[in-house]
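Notebook open. I want to look up the ligand site and then the sheet.

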Amino acid sequence: MRGLFITFEGLDGSGKTTQIGLLEKYLEGRGFEVISTIEPGGTPVGNKIRDILLDKNNTGMSYRAETLLFEASRAELVSRVISPALSEGKIVICDRFFDSTIAYQGIARGLGSGWITDLSLWATGGLQPDITFLLSLEVDKGEKRFKDNYKPKDRIESEKEQFKEKIYRGYLSLAEKFPGRITVIDGSRDIGTISSIIKEKVDGLLSR
Ligand code: ADP
């Protein structure tokens, strides 16, 4: 039996890490085997690529090189971690997947969402998430969470707010395009409420 592939999307600070932790615990409590991973990274090669992508010394990297590095990390993660786990019937939760590349590089950087979608599907060998939770949080609210937590920002998190606005709108346009796969959740709601919405949706998929 093929497992279940769940991805989380949203701007930094939108609550992905928090919700993934809660969902993982919940599913493990129900007796499922869960693999939780992150993009870019999640493999030895992917972690090296992650370091290049997030290194603040690499300002001015060309957008196309940036995109291909994300896709290379993703291809490695799918072939080494995600696909094998799904074949074994496990649940895979991924913090970001190709919707991030479509929103950030395709829409916000202006490389074209059609190209990036095709490239992403090529990189994953056609693999798509069964369900994607988009934690939608207005840019200023996400920024405030950063300020409250004093977490140092990496190269991409340091982008200007205008860029983040484009991502925010890009994500919402993706959700409109794929309403069956992407569930939009208001990220400003409280942690427990968001978690309940996610659990209910995942329970529904698991009982099919
Ligand atoms: P992300 O992984 O998307 O960057 P995090 O889960 O790390 O987001 O959350 C960023 C910060 O916001 C953390 O300090 C977290 O405790 C807090 N946070 C997460 N979800 C909520 C929420 N629904 N309401 C208020 N604060 C939240």
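How far does a backbone N or O atom of Gly15 lie from an oxygen atom of the ligand, and what is that distance in Å? I get 3.0 Å. I count a polar contact as a pair of N or O atoms within 3.5 Å.

Ground rules next. This is a predicted model, where local features need pLDDT of at least 70, side-chain atom pairs count only at pLDDT 80 or more, and totals for chains, interfaces and linings use all residues. Residues are numbered from 1 along each chain as its sequence is written, and side-chain values use heavy atoms, with hydrogens and water left out.

I looked up Lys16: an N or O atom in its side chain is 2.8 Å from an oxygen atom of the ligand. For Arg189, a backbone N or O atom lies 2.8 Å from a nitrogen atom of the ligand. The ligand on its own has 560 Å² of accessible area (Shrake-Rupley method, 1.4 Å probe). The protein covers 73% of that area. I find 15 residues surrounding the ligand (a heavy atom within 4 Å). Gly13, Lys16, Thr17, Thr18 and Arg189 are the closest.

**Sheet.** I read an open sheet of five strands, ordered S2-S3-S1-S4-S5, with parallel pairing. Strands here are DSSP E runs of at least two residues, helices H or I runs of at least four. Pairing takes at least two DSSP bridges. S2 (34–38) and S5 (182–186) are the edge strands, each pairing on one side only. I checked S4 (residues 131–136) against S5: they pair in the parallel sense over five bridges. Leu135 has Ile185 in S5 as its bridge partner.

Conventions:
Polar contact = N/O pair within 3.5 Å; in protein donor to acceptor, adjacent residues only side chain to side chain.
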